[in-house]
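I opened this model to look up a few local features and the surroundings of the ligand. My entries follow in the order in which I made them.

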Amino acid sequence: MDHQAMFHNKLVSMEQALNQVKTGDHIVVAMAGAEPQGFMSLLHTCAPRVSDVVVSTCLNMQNYPFFVDSAMKGHFINEGWFYNLGMRKAQAQQTVSFIPNNLHFAGSKRLAHRKPNIFVGTCTAPDRHGYVSLSLSLTYEQEMIENADLVILEVNANMPRTLGDSAVHVSSVDFFVEHTMPLPELPVTETSDKDRRIGAYIAELVEDGSTIQLGIGGIPNAVAQGLMSKKDLGIHTEMFTDGMVDLYRAGVITNRRKTLHRGKMVATFALGTKKLYDFINDNLAVALMRGCYVNDPYVIGQNYKMVSINTTLEIDLTGQCCSESIGHTQFSGTGGQADTAIGAQLSPGGKSVIALYSTAKNDSISKIVPLLTPGAVVSLQRNDVDYVVTEYGVAQLRGTSVRERVSRLIGIAHPKFRDQLREQAEQLQLW
Ligand code: COA
């Protein structure tokens with residue numbers, strides 16, 4: 001059968017796709033921009049006939065009724081690798097639960113726990129060779145397609161055709177559902193004076209010819225603007241961002257001096273604005289590859305002068321970073337923070353940077369604290385923290401003692417908290 005006929009034979013309505021869901025199923029969905037929003041928006045309509053359905057998700061783009069509505073308890077549970085606002089709110093009603101993970105193991109460990117009955121993702125229309133592109137995420141999607149009993153893909157005509165490892169042949173898919181909709185976009189945030197100061201400190205750490213990774217959050221995106229004077233940078237990153245497009249167009253990113261995948265920007269998912277989606281469409285300079293490969297610290301470490309740049313919510317005076325919870329309340333996820341921080345330090349000449357504002361909530365609290373808030377999740381253990389940057393400077397922690405760390409971290413805390421931090425460190429005998 002020719003590819004087009006095969007594709008058309010597999011086209012079903014959304015209702016037919018939803019009819020595949022049964023009691024006790026484990027459904028895994030594609031993440032973030034690749035999330036099957038049509039399917040997920042209507043999943044709750046199956047509730048009258050199903051119970052105990054586990055849905056594994058990552059970085060939801062919407063607050064879907066199947067977990068936001070408390071009446072869904074017992075019908076569905078959204079088990080997430082990375083929380084969003086809706087999941088944070090749903091925690092109290094027990095329709096969500098967090099999956100602790102380091103991103104490069106997210107897919108394989110979940111598969112070891114439980115294989116999916118159904119994988120639901122998104123894709124482009126098939127090309128003339130019968131391949132669709134998984135487009136905006138390859139974090140764990142290919143492994144799930146290879147292991148699920150049933151594969152359903154929503155075809156969205158707006159999705160960019162990304163290259164790399166994103167191709168799936170129509171013969172590997174059970175059902176396609178046409179569902180064209182605008183792609184989710186991350187709002188562009190204004191760069192503040194604090195961001196510019198942090199960006200300038202980081203720029204001093206990034207040497208020409210380095211390969212960089214920028215994490216999720218406001219600061220890493222702002223950092224891209226601080227790198228505009230650099231030469232011959234390369235990209236090996238979990239998340240491909242708008243800032244990287246700007247750096248590429250400005251001639252800063254050439255990928256010429258990369259030691260792994262020279263000439264190509266490597267990422268595992270892309271999330272940003274239409275500018276980014278247009279840029280990665282059919283772009284041979286960008287290779288999307290599986291998260292288990294891109295985020296493997298040993299792979300990251302093969303890049304010469306690899307610099308990872310991530311952010312955190314709270315750091316204690318010994319260097320432990322809580323980047324995913326506020327106290328015991330899950331806020332986001334570990335994602336690739338530990339993967340990339342460790343990987344960068346395996347790289348010859350590599351550096352790992354945690355960049356954060358010194359305070360939160362209008363300077364009312366210090367993000368540098370003597371002890372983490374009770375219940376805070378340690379996303380990056382202190383053994384793996386290298387450089388810490390705030391708007392007040394750079395603290396290099398690699399190889400330092402606790403005594404030295406306390407002094408260096410207080411040196412980059414907000415001045416109004418420094419005396420208090422010294423007194424608390426003294427009381428706790430942090431030396
Ligand atoms: N105590 C209490 N609240 C705090 C806080 C603290 N120490 N630090 C920050 N907050 C609040 C902020 O005020 C903000 O609240 P608001 O939304 O009411 O304004 C909120 O927490 C989020 O802080 P913000 O600094 O705006 O977060 P962000 O969007 O820049 O994201 C992380 C920062 C750390 C949550 C995000 O980067 C993350 O999830 N990282 C882990 C994953 C990762 O690094 N992956 C790397 C590879 S992509």
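Which backbone oxygen lies 2.7 Å from a polar atom of the side chain of S135? I found that it is the backbone oxygen of P160. I applied the definition of a polar contact: a pair of N or O atoms within 3.5 Å, where within protein one must be able to donate a hydrogen and the other to accept it, and residues adjacent in sequence count only if both atoms are side-chain atoms.

Before going on, I noted that this is a predicted model, in which local features need pLDDT of at least 70 and side-chain atom pairs count only at pLDDT 80 or more, while totals for chains, interfaces and linings use all residues. Residues are numbered from 1 along each chain as its sequence is written, and side-chain values use heavy atoms, with hydrogens and water left out.

**Entry on S135.** I located S135 in the loop between β6 (131-133) and α7 (141-147); helices (H or I, at least four residues) and strands (E, at least two) are DSSP runs, numbered from the N terminus. S135 is buried, with a relative accessible area of 0%. Here buried means under 20% relative accessible area, exposed over 50%, and partly exposed in between (1.4 Å probe, protein chains only). Neighbours within four places in sequence aside, S135 is in contact (heavy atoms within 4.5 Å) with M159, P160, T162, S166 and L288.

**Entry on G164.** I then turned to G164, which belongs to strand β8 (residues 163-164). G164 is exposed, at a relative accessible area of 54%. Apart from neighbours within four places in sequence, G164 is in contact with A287 and L288.

**Entry on S347.** I placed S347 in the loop between α14 (337-346) and β22, and its relative accessible area of 6% makes S347 buried. The side chain of S347 reaches the backbone oxygen of N303 at 2.6 Å. Beyond four places in sequence, the contacts of S347 include N303, Y304 and K305.

**Entry on positive phi.** I looked up K305 next. K305 is not a glycine, yet has a positive phi of about 50 degrees. Most residues other than glycine have a negative phi. K305 sits in the loop between α13 (297-300) and β17 and counts as buried at 13% relative accessibility. N255 also has a positive phi, near 60 degrees. N255 is in the loop between α10 (242-249) and β14 (265-267) and is buried, with a relative accessible area of 0%.

**Entry on helix α8.** Which residues of α8 are buried? I listed D195, I198, G199, I202, A203 and L205. Seen down the axis of α8, these buried residues fall within an arc of 145 degrees (taken from the directions from the helix axis to the C-beta atoms), so they line one face of the helix. Their cover includes α9 (218-226), β17 (306-310) and β22 (351-355).

**Entry on the ligand.** I counted 23 residues around the ligand, each with a heavy atom within 4 Å of it. I216, L313, S332, Q337 and K361 come nearest. An oxygen atom of the ligand is 2.7 Å from a polar backbone atom of I216, and a nitrogen atom of the ligand is 2.8 Å from a polar backbone atom of L313. A ligand nitrogen is also 3.1 Å from an N or O atom in the side chain of K367. Taken alone, the ligand exposes 980 Å², of which the protein buries 74%; accessible areas come from the Shrake-Rupley method with a 1.4 Å probe, and for residues only the protein chains shown count as cover.
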